[in-house]
Protein chains: 2
Amino acid sequence: MTDGAAVIAVGTEMLGPLRQDTNSLWLAGRLEEIGIPLLRKSVVGDVPAAIARELDSASRAAPLVFMTGGLGPTADDVTVPAVAAWLGVPLRRDEDFLARMRARFESRGIAMPAVNEKQADFITGARALENPRGSAPGFWAEREGIEIILLPGVPSEMREIMERRVLPELRARAAGRVARRRILRIGGMGESAVEEMVAPVYARFPNHPVTILASPGEVQLHLCIRGAPEEAQAVLEAMEGEFRAVLGERIFGRDDEGLSETVGRLLRDRGLTFSVAESCTGGMISTLLTDVAGSSDYFLGSVVSYADAAKAAFLDVAPDTLRRAGAVSEDVAREMAQGARRRFGSDVALAVTGIAGPGGGSAEKPVGTVFIGISGPRDAEVVKRRMFVGDRASVRRASSLYALELVRRRVVAAP
Amino acid sequence: MTDGAAVIAVGTEMLGPLRQDTNSLWLAGRLEEIGIPLLRKSVVGDVPAAIARELDSASRAAPLVFMTGGLGPTADDVTVPAVAAWLGVPLRRDEDFLARMRARFESRGIAMPAVNEKQADFITGARALENPRGSAPGFWAEREGIEIILLPGVPSEMREIMERRVLPELRARAAGRVARRRILRIGGMGESAVEEMVAPVYARFPNHPVTILASPGEVQLHLCIRGAPEEAQAVLEAMEGEFRAVLGERIFGRDDEGLSETVGRLLRDRGLTFSVAESCTGGMISTLLTDVAGSSDYFLGSVVSYADAAKAAFLDVAPDTLRRAGAVSEDVAREMAQGARRRFGSDVALAVTGIAGPGGGSAEKPVGTVFIGISGPRDAEVVKRRMFVGDRASVRRASSLYALELVRRRVVAAP
């Protein structure tokens, strides 16, 4: 068994299509900070046999098991007796706690409902963890070297007990071990191509596995180094340096900085203004750019020229070009970019025209064909033709992000 | 062991604080429809020993185990060999599949990276499930009465394989008991206001609880009736009828039909064309409208007039109006709508101007203030002022959806 933690969320409602356990995300983040990796997490219903089976599984995977939910007063809250049964210990009624709970209700002018009484049933041999925000206490129990920490499912209550009673103790034990994280974000490349380039870096850090993740329009490298704070930081910086040496300008941002933030930062730093002419992306590039607070510093606006007439009226695309080359063509992409730059008076303009599907494709220009034009900040216009696979939403998203990546490279290269 | 399913999501990145498994939500919903309850779900890292342990646990909890993720070409994709080892069978290289995969890469003008070869390593004795959207096939394996269904982690690929290859077979087995679902979608109202109106309907169907859910810009009523197919259908229709009697036109759509689809359908049915002038929403309304395939039938385009100069140049907003009333004002919203309608030559035009934040607010017009103007299809322009709470993303989203809801009501009311 490796060092680390498991989380079990208890609650039948989290097994349907609508509700998700989110406590485990918060727990993962707080545990990671003190160098405790989350090895496994799971969700089970409010069923004693299922809870027992899950404790078997989790305790085989990790020596520290967090369990959230099912501590409430209602009939479907069965976690406490289920855990006591699994530990092989009886429940005991804590009369002091019961009296305090009753007093708390009375101080709010409410008689304590009878159902709440069961919250005074404590697990024999376990430490009770006071809950300043609610009536259900948590518990910290142990069996054969496995620690079980029971917490309420209400996020604010769970967090408060963790912050006050659990994390300080775990932190003291961790004796300085931390986790340092970094996300490197790469644009305009596929996952396998990135992996081929960075394989030599992986090989130099065999003890620090890196996760590679593809999402539309970008590939991410997730680094996570555990150890003493300074050592972990040094390893992280060395790894990042090596990845940067290999990938160079292909890395567009790190951690939370997405492509729109990066493009915005570059434009602002260089004092450049920007405009967009969109067709198949239908406003998505503008939406991504204006998601960023303060984007009005550099973003002047865009035209979504869906109809051909709009391409002519708002962007001065020549009707002759539309007739001759078609709306999805290199020439139209170029004229759209030129038109946007001139009409908005921006330093740089981007244009995208393509076929997002499902209809509209042809043998010569199948669904997924996209032309991307950039005008400015200097030099001649560039137009790239690309082919994106997938459904309408994927083509639109991939086109938008690839176009922004081209803008980034162009602006980076500008003096 | 009860009848039902378990889901295991494989991927170390889903054990950190940033990424959540969402495939299990979709799987839970689709399985529920054919009467298969989800009994347990879990997440483990890309670690063969952990995957084997998790298969032990899941197969004790349910006879049908779905496993998503880790089928990709990179070094951290270890699910296939881990499952084969757990089943006690060797992998076999499928040369036909390898040749087809190579051909697919070549058809896109790319040499297949060597790392992809391992995706042709099949689990001996398992059925391969063809993946029309990606290179990694799924697998359907069995061991001692436990069925293991391996699926890619990419949601679109996972769903496609489920819809085409897995669900039809499970549905055929389910023999009789079904779940019938309906989602009724209500625009322009808050959750409590909807709940007050529908409380009498709840009371008439005490055995069929309804879930009410609020999301930005809409409230949803989720109905789910279990039973024999015809009986469940009849109850569902009776309930829907009663909700419609109470809510009337406030229901804009059902199930998958979102507001953009509804607005698009109404415009197409009435032969009306549409254009948009956006400011604070930055292209989001256009993006929502053009998410819908075939939207070019009615959507002519939009102008995202972020800078004041663009409002004048592209939409003929009078510089004097901008000076006198300010860019976020009733008068500017009206002129933007008029300008878009005239310039695009559309039957109806929508305009939105507001303050999404975090900066730009004032005592008179705090962050969240939004003006929405509609011009056409007949009668005078209308402009509404609204105040939305939340961060930049929430204000933008709520404004966009509320604006589309106003268009829907206006078009519904048009003869």
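**Domains, a sheet and a contact**

Analyst: This is a predicted model. Chain A is divided into domain 1 (5-174), domain 2 (178-254) and domain 3 (261-413).

User: How far apart are the centres of domain 1 and domain 3 of chain A?

Analyst: Their C-alpha centres lie 52 Å apart.

User: Ok, strands next. In what order do the four strands of the open sheet in chain A come?

Analyst: The order is β10-β11-β9-β12 in chain A, with antiparallel pairing. At the edges are β10 (211-215) and β12 (251-254) of chain A, each of which pairs on one side only. On average, neighbouring strands of this sheet are turned by 25° against each other, direction ignored.

User: And which helix packs on that sheet?

Analyst: Helix α6 of chain A, residues 191-204. Helix α6 touches β9, β10 and β11 of chain A, and its direction makes about 155° with that of β10(A).

User: Back to the strands. How many bridges join β9 and β11 of chain A?

Analyst: Ten bridges, in the antiparallel sense, between β9 (residues 178-187) and β11 (residues 218-227) of chain A. Within this pair, Leu184(A) has Leu221(A) in β11(A) as its bridge partner.

User: Which strands pair across the two chains?

Analyst: Strand β14 (residues 299-305) of chain A pairs with strand β14 (residues 299-305) of chain B, antiparallel, over five bridges. There, Ser302(A) has Val304(B) in β14(B) as its bridge partner.

Notes: Residues numbered from 1 in each chain as written. Chains lettered and ligands numbered in written order. Predicted model: local features only at pLDDT ≥ 70, side-chain atom pairs only at ≥ 80, totals over all residues. Domains from an automatic or database assignment. Pairing = 2+ DSSP bridges. Axes fitted to C-alpha atoms, helices over the stretch in contact; angles between N-to-C directions. Contact = placed C-beta atoms within 7 Å.
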